[in-house]
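Take a look at the chain below. This report walks through a few of its features.

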Amino acid sequence: MRYDFSKTEKKWQARWKQQETFKTGEAPEKPKYYVLDMFPYPSGSGLHVGHLEGYTASDISARYRRSRGYNVLHPMGWDAFGLPAEQFAIKTGTHPSDTTQKNIANFKETLQAMGFSYDWSREINTTDPGYFQWTQWIFLKLHEMGLAYMSEVDVNWCVELRAVLANEEVEEKLADGLTVVRRPLRQWVLKITAYADRLLEDLDGLDWPENVKQMQRNWIGRSEGVEVDFELRCHRTMLRVYTTRPDTLFGATYLVISPEHAMAEKLATAQQLVAVKEYIAKAKLKTELERTGLQKDKTGVFTGSYAINPATGEPLPVWISDFVLTSYGTGAIMSVPAHDSRDWEFAKKYGLPIIEVVKSPHDVQQEVFEGKDSTVVNSSNNDISLNGLAFPEAFELMASWLEKKKAGKRKVNYRLRDWIFSRQRYWGEPIPIKHYPDGTLKPETSLPLMLPEVEAYQPTETGESPLANIPEWLNGTDENGPFRRETNTMPQWAGSCWYYLRFIDPHNSKLPVDPAKEAYWMNVDLYIGGAEHAVLHLLYARFWHKVLFDLKVVSTKEPFQRLFNQGMILGEDNEKMSKSRGNVIPADHVLQTYGADAVRLYEMFLGPLEQVKPWNTNGIEGISRFLSRVWRLVWPEPEGTRADLSTLAPSPDLLRRMHKTIKKVAEDTENLKFNTAIAEMMVFTNELHRTGESSRIAVETLLLLLAPYAPHLSEELWEALGHQESISLAPFPEFDPELAQDKEVTIAVQVNGKLRGSFTAAPGCPKEQLLNEAKALEGVKKFLEGVTIMKEIVVPDKLINFAVK
């Protein structure tokens with residue numbers, strides 16, 4: 001009987017659904033395993049084969065843990081608010097809710113066709129009022145704690161979208177050809193900076209890729225420095241500057257302030273005022289990304305004013321440049337061009353002095369020297385000398401001197417900025433705040449606050465969302481008098497900040513999550529998703545989780561204990577899949593052609609999960625042949641005669657091979673090394689065909705190992721062998737450590753790192769016996785004669801190397 005993957009996969013998917021095979025167990029006496037995908041935004045373009053990689057990996061892990069006796073929580077949901085659905089609605093006149101539901105149905109059909117073992121009874125959708133009422137509730141808690149506040153701030157305004165963009169979203173929109181400018185706008189802001197230190201400290205205890213942790217550290221950007229006051233000549237006031245290198249103060253030759261600095265125009269002399277105003281106006285049209293790019297040409301304008309260097313007493317010219325941001329430090333910097341490449345380029349362009357104050361290996365007039373690993377030079381006055389000191393000592397001495405003179409103070413600063421939380425659009429969670437004429441703000445008392453039905457979704461010309469155009473929703477009266485509702489909505493990030501908690505208790509109408517259930521399931525044991533979320537989503541979710549920890553809603557300090565970033569699957573042209581390149585491989589197409597099991601196995605067999613890999617259709621053909629070979633172990637004849645499998649014990653060699661396979665597949669599955677686990681199962685399958693042993697225990701063992709990877713075929717063959725219960729509920733095989741060990745190992749023998757021979761030995765053979773065997777080899781003897789053996793290196797069960805002279 002030939003394998004009909006289409007018929008088999010539909011059969012088992014229907015049965016799993018009917019029998020609720022993957023409904024989450026709640027037995028508290030069993031260990032738990034919470035495996036989670038970064039849940040998708042349901043776009044209209046559907047899923048392609050690259051999207052399936054992470055979902056397949058998490059599903060294998062979930063199925064494997066079930067077979068190991070764990071209660072497994074493996075849910076799926078939809079991050080369904082956001083700009084794309086709203087933009088589609090504007091273009092087509094379709095309500096965002098309608099397009100979102102249609103896209104969700106399309107996504108869900110593909111995921112179910114892949115046989116993923118999600119507990120669909122826990123499905124959530126961020127646009128569901130039963131979900132977003134708790135998103136709104138969390139916002140109100142943030143407001144009560146003083147962590148949500150209103151401020152008029154400069155924002156990244158997308159002209160075409162009429163919406164505010166987060167700093168992290170700007171690059172993508174610019175690449176799409178959209179226009180982004182800076183403009184002041186009333187915004188809700190979340191005080192994520194209040195948690196900066198905790199967000200840094202708690203990273204160390206997480207099992208995350210080190211590069212992701214480092215990206216978060218850099219984004220938070222904690223620095224220890226000194227705020228230095230420079231007296232402004234002719235203004236009888238001070239200009240405060242933040243620096244992490246007070247030890248280089250003697251080398252400061254000019255100061256730079258941001259175009260938005262409160263004193264920017266005040267410092268302009270009559271001769272410079274026009275030029276200063278023109279420069280400030282141009283800077284407002286640039287995004288932070290354009291202003292701070294390392295490769296951009298540095299621009300600036302001289303204010304005409306001077307400040308006094310407190311270390312030298314010399315006047316320093318004060319310039320304005322758009323590479324300085326008001327949002328970091330004080331919005332003013334001291335420039336030491338000899339030892340900062342940006343300052344050096346600026347000084348060279350505008351003919352400003354360059355003074356060496358850190359001993360440099362070359363002429364700093366010709367090339368900048370940024371190293372800290374040298375000593376201070378040219379840095380002394382009548383009160384203090386830093387000459388000859390290394391950076392730490394010079395930092396401490398200068399910081400203390402400035403504090404003593406009341407010319408500065410130590411300060412810890414962060415690159416992290418408070419999170420601009422408002423969006424000027426319709427399709428998002430309404431912010432549940434009422435504004436009263438006297439300026440009072442009060443929360444909505446009845447949640448969820450629903451979105452009104454509207455016909456137009458375009459933001460207003462003034463920058464408000466479409467909600468501002470609906471007076472019957474906008475205005476109201478309560479016991480406190482007339483009020484106006486907040487018209488800004490929440491960003492798409494809001495719903496994804498806490499969804500992992502709602503999966504634990506998705507139908508609770510009284511609480512966001514039941515405390516007992518949260519205490520059992522948290523933390524998430526394995527979180528799989530793309531590295532593109534390294535900063536935004538992961539940082540925001542960690543922030544909200546810490547707030548909920550302070551509110552005693554959660555019992556853990558962190559949400560995701562282990563994070564794994566899968567590598568990208570490229571198109572067959574070795575390029576990233578995209579519509580514009582025309583190289584997208586739709587998931588539905590390959591599923592119809594090869595079936596879910598072949599797609600699952602192929603994506604995992606392409607290479608290590610974390611690496612970038614190109615799709616190759618020829619490769620999936622090979623996987624299909626492997627599945628057919630497994631099928632023929634039970635159904636060897638096309639006519640449909642089942643194999644007569646023996647219940648006798650396998651031969652000693654096959655038994656040993658089987659236990660080695662169990663051990664290897666178990667270890668590799670635990671460590672997400674799915675490609676090598678599949679390779680091991682292929683070797684075992686080939687061995688079963690080669691020996692011709694029709695061993696029932698060997699074939700059933702193979703099916704149990706294969707079930708997390710190719711569940712449909714495994715279920716069908718398991719049933720054909722007479723089993724009533726689903727293989728998805730059967731326990732994973734155990735291996736005998738003695739049988740899983742090789743009877744003999746091959747020991748390679750080297751002399752000075754070059755292979756000179758080999759021999760076989762029993763595993764764990766004593767070191768002296770191995771050395772004697774090695775020295776007795778004819779190919780080794782001649783290289784040991786007449787020389788002195790300096791060192792004998794023995795790698796147990798693998799290698800011996802004689803270092804000789």
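## A charge over a ring

Over which ring does the charged end of Arg65 sit? That ring belongs to Tyr33, and its centre is 4.2 Å away. Arg15 also lies over a ring face, that of Trp12, at 4.3 Å from the ring centre. Keep in mind that this is a predicted model.

Four strands form an open sheet in the order 6-5-7-15, and the pairing is antiparallel. Strand 6 (163-165) and strand 15 (419-420) stand at the edges. Each has a single partner strand, so one side of each is left without a neighbour in the sheet.

Strand 5 (residues 148-158) and strand 7 (residues 180-190) are joined by 11 bridges. Ser151 stands opposite Gln187 of strand 7. Helix 5 (residues 129-144) packs on the sheet and touches strand 5 and strand 7. The directions of helix 5 and strand 7 make an angle of about 85°.

## Helix 22

Helix 22 (residues 674-691) has 18 residues.

Just after helix 22, Gly692 takes a positive phi of about 70°.

## Aromatic pairs

The structure holds 40 aromatic pairs. One of them, Trp78 with Trp120, is stacked: 6.4 Å centre to centre, with 20° between the planes. Trp78 lies in strand 3 and Trp120 in a loop, so the pair ties together parts that are 42 residues apart in sequence. Trp78 is buried, with a relative accessible area of 1%.

Conventions: Residues numbered from 1 in each chain as written. Predicted model: local features only at pLDDT ≥ 70, side-chain atom pairs only at ≥ 80, totals over all residues. Heavy atoms only, no water. Pairing = 2+ DSSP bridges. Helix = DSSP H or I, 4+ residues; strand = E, 2+ residues; numbered from the N terminus. Contact = heavy atoms within 4.5 Å. Axes fitted to C-alpha atoms, helices over the stretch in contact; angles between N-to-C directions. Expected span 1.5 Å × (residues − 1). Phe/Tyr/Trp six-rings, centres within 6.5 Å; stacked < 30°, edge-to-face > 60°. Buried < 20%, exposed > 50% of the residue type's maximum accessible area, 1.4 Å probe, protein only. Lys NZ or Arg CZ within 6 Å of the ring centre and 35° of its normal.
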